[in-house]
Amino acid sequence: IWWVLRMLNEKGQAVLLDVFFAVLIFMIVFFSLNQSWDRELQKTNDYFETQELQLKANNILDSLLKGEGSPSNWNELDFNSDVSKIGLAKKSLSLSPQKVNAFKNLDSNYSQVKLLFGVPEYDYFFQLDAENDVNAGIDPGNSFEKKILLRRVVEFDGSEAIVNFALYKIG
């Protein structure tokens, strides 16, 4: 500051104008870089959130389609107190019709199912395209912020079927 004051006494107002423009240019560059940094940070956060959602969706679907659940006869028990893991398989990628129907009927326990899946902050939709279609969860329609959709081929009731599984976050 003493340098600026000394320059003002020697050369007049021109130095003050130079300092003003230098500060103005610095502020423009600083705020532009700050905006760019914020955009890149948001892109990175979105990428990692999408990757986390993908991983969770894969884990849930693998658990459903490759495991029997815990206990293995969970579909015959009181869901609220006895079930620790939901699985729909008789054997890997071969689904039990009884377990699929029991899973479909868990819509009244939707929040507890999300807790069992370990995704209370997300919603899910399970769709089995077979001779008799089966849906479980809440169809996201077009009202989601982020969505991962997975598709698997399974055996159901003696024939091939397609499972679609969506894990999504409502904005």
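Lys 43 is exposed, with a relative accessible area of 54%; exposed means over 50%, buried under 20%, and partly exposed in between (1.4 Å probe, protein chains only). The structure is a predicted model, in which local features need pLDDT of at least 70 and side-chain atom pairs count only at pLDDT 80 or more, while totals for chains, interfaces and linings use all residues. Residues are numbered from 1 along each chain as its sequence is written, and side-chain values use heavy atoms, with hydrogens and water left out.

The side chain of Lys 43 meets that of Glu 40 in a salt bridge (3.5 Å, N to O). A salt bridge is here a side-chain nitrogen of Lys or Arg within 4 Å of a carboxyl oxygen of Asp or Glu, and by this rule the count comes to 7 salt bridges. Glu 40 is partly exposed, at a relative accessible area of 43%. Because Glu 40 and Lys 43 are 3 residues apart in helix α2, about one helical turn separates them. Helices (H or I, at least four residues) and strands (E, at least two) are DSSP runs, numbered from the N terminus.

Glu 52, Lys 56 and Glu 121 are linked in a network of salt bridges. Between Glu 52 and Lys 56, the closest N and O atoms are 3.3 Å apart. Both residues lie in helix α2, 4 residues apart, or about one turn of the helix. Lys 56 also forms a salt bridge with Glu 121, with the closest N and O atoms 3.1 Å apart. This second pair links distant parts of the chain, 65 residues apart: Lys 56 is in helix α2, and Glu 121 is in the loop between α5 and β5. Glu 52, at 37% relative accessibility, counts as partly exposed, and so does Glu 121, at 42%.

Helix α2 also contains Leu 24, which is partly exposed with a relative accessible area of 35%. Leu 24 makes a nonpolar surface patch of about 490 Å² together with Leu 17, Phe 20, Phe 21 and Ile 28. Patches consist of residues with over 30% relative accessible area and no salt bridge, like charges being joined within 9 Å and nonpolar side chains (Val, Leu, Ile, Met, Phe, Trp, Tyr) within 5 Å. Accessible areas come from the Shrake-Rupley method with a 1.4 Å probe, and for residues only the protein chains shown count as cover.

An open sheet is formed by 6 strands in the order β3-β4-β7-β8-β5-β6, with mixed pairing; two strands pair if DSSP finds at least two bridges between them. β3 and β6 are the edge strands, each pairing on one side only. Strand β4 (residues 94-95) runs parallel to β7 and is joined to it by 2 bridges, with Leu 95 opposite Phe 156. Strand β5 (residues 123-129) pairs with β8 (residues 159-169) in the antiparallel sense over 7 bridges, and Leu 128 stands opposite Val 163 in β8. β5 also runs antiparallel to β6 (residues 134-137), to which 4 bridges join it. β5 and β6 form a hairpin with 4 residues between them.

Strand β5 is mostly covered, since 5 of its 7 residues are buried. The largest nonpolar core has 38 residues, of which Ile 86, Phe 103, Phe 126 and Leu 128 touch the most other members. Such a core is a set of buried Ala, Val, Leu, Ile, Met, Phe, Trp, Tyr and Cys residues joined through side-chain atoms within 4.5 Å.
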